[in-house]
Amino acid sequence: MHDPLIARSIAVLLLLLVASISAIAFKRLHFPYTIGLVVVGLVLGWLSENVPALTPLEHLHLSHELILFIFLPPLVFESALNLDCQLLLRNVTPILVLAVPGLLLSTAIVGIIVGSLTPLSLAQAFLFGGLISATDPVAVIALFKELGVPKRLMVLVEGESLFNDAAAIATFQVLLSVSLSGNFSAVTLANGAVEFLFAFFGGVVVGAILGMLMGYFIDKARENIFVLSTVSGLVAYGAFIIGEHQLQVSGVIAVLVAGMVVAWQISVRLSPENRQFLHEFWEYISFLANSLIFLLVGMTTASFLQANRFQMWAGLGEGGMVVVLLVAIAAVLLARGVAVFGLLPLTNWLRRRNRVNWRYQAIAYWGGIRGAVGLALALSLAPDFPHRKLILMLTLGVAMFTLLVSGTTIKQLIYALKINRPSLLNSIEKAQAAVLSKKEAIQQIHFLQQIDPYLSPDIWQHYQQQYQQELEQAENHLANLWSQADIDSDGAGGEPSRTIRQVLWLQALAIERQGYRHLYDEGLLAELTLEKLNLASYLKQESVQGGQFPPPAPTPSLLETRWEKFWHWLTHTPQAKFSSQVPKQKRADAIRYEYNLAIAYVGKQVATKIQSLPQETGFVNAAANECVDFFQKSSEAARERLAATNQGSSQVAVQLQAKLLQRCAYLGEQESIQQLLEDGIINTKVASQLKQKLEENILHARSL
């Protein structure tokens with residue numbers, strides 16, 4: 001095939017086909033998707049060298065530019081869109097400690113060990129240590145979501161990776177200049193520190209500016225989701241290219257900050273439907289990037305081994321190459337252990353709250369998988385760089401070890417440490433859904449029988465009996481699951497089991513967060529209030545997963561850390577700040593008012609829904625009563641705080657009540673317009689014009 005463009009196009013299509021088939025297969029096999037793709041890539045790499053039909057795949061290979069400028073921006077941007085900023089800011093100290101001092105410590109340990117026990121010089125070994133210390137948690141984050149791992153742990157692992165990618169690139173560049181010049185001194189270290197700070201804060205500025213530009217396009221094309229999707233892509237790639245290539249600052253930090261600012265923009269200024277579309281769009285882009293990059297990692301490893309194994313072994317021997325690789329793997333594991341188990345306990349000792357327990361430390365250690373960034377840095381070395389092939393070989397070897405060993409065993413570690421969502425919860429939720437759906441089906445059958453006088457009695461009775469039998473089977477299955485939960489537990493003296501209580505509480509907290517989100521989507525909550533409410537709910541979830549019933553009801557301060565103050569100053573424009581008509585000194589009271597109002601309303605909702613579960617789905621009454629009592633008391637306490645606010649800050653309360661009433665009136669108008677459209681009284685054009693005007697009023701009301 002003579003045209004390289006056609007050959008590459010065919011190769012990409014083949015890889016996408018393989019990725020799609022693999023996604024289906026690995027889901028059925030319950031095997032991690034991204035790890036499986038590496039194995040498939042290894043096979044494809046070997047086949048492309050030996051099977052003529054697959055020769056187009058030889059036209060695709062990983063390069064430094066392909067990883068950094070094509071694959072990395074969408075992966076970082078998608079992660080930033082979904083990051084919980086509140087949890088990130090709450091845990092920013094351990095994240096930054098692992099990302100910067102932890103990376104430097106790991107670099108030093110790997111450099112000393114590898115430089116002493118392998119053919120690499122000390123400078124080259126430090127260079128290898130810098131590039132291999134960048135973690136890539138893509139494979140484990142997908143598993144975390146599947147297993148229901150606490151969100152704080154996900155933020156710790158993912159947040160460290162995002163920040164240490166930037167630190168690894170900056171460290172690598174400094175060490176590369178040292179290796180090439182041979183000049184290593186205190187002045188070199190000082191210059192490197194200055195360059196890192198410039199790159200970091202320069203990336204913050206670039207990302208914030210480009211992220212804010214998204215607001216202009218939201219104002220001009222709020223309903224054109226295709227334009228907004230395109231612009232968000234331009235922001236992601238533009239932040240990286242402008243930062244990394246044009247201004248010589250950290251492109252990773254620029255994309256990270258841009259993604260976080262865009263996440264805030266779409267959360268505040270887009271409708272729920274358009275916001276969901278954007279998130280799904282970026283999930284798809286992330287799926288494509290991850291699929292291609294993990295396949296190419298496997299293919300590159302296979303091709304490199306076939307092309308260079310004889311040259312490598314000629315100098316070291318086959319046994320010597322294995323020994324060198326084992327030394328590198330051992331050094332990386334040791335360095336990771338020292339960084340995690342050495343630095344995180346130190347941060348725990350310095351802080352009284354938000355400590356990282358030993359279980360989270362163990363997962364952070366074993367989940368420190370190496371991947372694309374380290375490989376990109378290794379590939380960036382010049383062809384004549386001393387021991388380039390050996391450095392690349394060690395990088396590929398360590399990455400493959402962490403992917404194939406750590407990536408496939410971390411699930412068992414999560415189970416062993418008991419920090420996952422109970423597997424029984426998934427079965428119970430499915431059974432509950434089956435019971436409720438069958439009941440609804442029977443009601444619909446009765447409804448049709450009442451409105452259709454010509455409905456055949458035979459057909460009606462057939463389906464009635466069929467769904468009644470299915471309902472009885474679903475109820476029996478659910479009852480068996482509850483019995484299993486009771487047997488598998490440590491309940492005694494008539495007390496509900498730990499498993500049953502955990503299942504119930506996790507469901508209740510999920511209902512709580514959904515209630516808060518609904519209030520926000522309806523414009524009845526400010527974004528900062530929603531963040532605080534979700535943070536409190538996630539903290540309760542952590543307590544439940546740790547076996548604490550009922551969980552303590554946290555009341556996080558309105559702005560807990562200086563990092564939060566800085567972030568909200570950076571991302572909240574004056575027009576979007578909460579309650580701009582309220583004097584600045586009264587804004588805290590306004591947020592507190594909304595916070596308590598939401599708890600009062602949603603707490604009552606959760607209690608009502610949980611109270612209905614025993615009748616509808618066979619829930620254990622004792623466990624349900626405990627949960628209902630908790631949320632009822634939370635709701636009552638919030639009402640008492642609201643009463644105190646009405647007395648102490650009457651002006652704030654009146655303004656907020658006016659805003660809420662205005663918003664409720666807008667909702668009534670919106671529902672009326674939709675009903676008129678469905679009844680055919682008004683046409684689509686008129687309805688669209690009326691809805692657009694209402695949407696402008698709603699957004700204006702939300703910004704007040």
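**Close-up views of a predicted model**

**View 1. Surroundings of Gln265.** In this predicted model, glutamine 265 touches Gly211, Met212, Gly215, Ile218 and Leu270, when residues up to four places away in sequence are not counted; contact means heavy atoms within 4.5 Å. Glutamine 265 belongs to helix α12; helices (H or I, at least four residues) and strands (E, at least two) are DSSP runs, numbered from the N terminus. With a relative accessible area of 1%, glutamine 265 is buried. Buried means under 20% relative accessible area, exposed over 50%, and partly exposed in between (1.4 Å probe, protein chains only).

Residues are numbered from 1 along each chain as its sequence is written, and side-chain values use heavy atoms, with hydrogens and water left out. Because the model is predicted, local features need pLDDT of at least 70 and side-chain atom pairs count only at pLDDT 80 or more, whereas totals for chains, interfaces and linings use all residues.

View 2. A nonpolar core is a set of buried Ala, Val, Leu, Ile, Met, Phe, Trp, Tyr and Cys residues joined through side-chain atoms within 4.5 Å. The largest core has 144 residues, of which Leu15, Leu62, Phe128, Phe144, Phe163, Leu256 and Leu394 touch the most other members. Helix α9 (residues 151–181) contributes the largest share of this core, 14 residues. Leucine 394 contacts Leu120, Phe128, Met321, Val324, Leu325 and Ala328, leaving aside its neighbours within four places in sequence. A second, separate core of 45 residues includes Leu471, Val544, Cys627 and Val628. In soluble globular proteins, nonpolar side chains tend to be buried together.

**View 3. A nonpolar surface patch at Leu404.** Val39, Val43 and Leu404 form a nonpolar patch on the surface, and together they have about 200 Å² of accessible area. Patches are made of residues with over 30% relative accessible area and no salt bridge; like charges are joined within 9 Å, and nonpolar side chains (Val, Leu, Ile, Met, Phe, Trp, Tyr) within 5 Å. A salt bridge is a side-chain nitrogen of Lys or Arg within 4 Å of a carboxyl oxygen of Asp or Glu. Accessible areas come from the Shrake-Rupley method with a 1.4 Å probe; for residues, only the protein chains shown count as cover. Leucine 404 lies in helix α17 and is partly exposed, with a relative accessible area of 31%.

View 4. Phenylalanine 549 and proline 550 are joined by a cis peptide bond, with omega about -15°. Proline 550 lies in the loop between α21 (527–545) and α22 (562–571). Glutamine 248, in the loop between α11 (225–246) and α12 (251–269), has phi near 60°, a positive value in a residue other than glycine. Glutamine 248 is exposed, at a relative accessible area of 53%. Histidine 387 also has a positive phi, near 60°, and is placed in the loop between α16 (372–379) and α17 (388–417). Histidine 387 is partly exposed, at 37% relative accessible area.

View 5. The predictor's confidence in each residue is given as pLDDT, from 0 to 100. The mean pLDDT of the protein is 79, and 83% of its residues reach 70 or more. Over residues 489–493 the pLDDT is below 50, and this stretch has six contacts in the model beyond near neighbours in sequence. Residues 572–585 likewise have pLDDT below 50, with 30 contacts beyond near neighbours in sequence.
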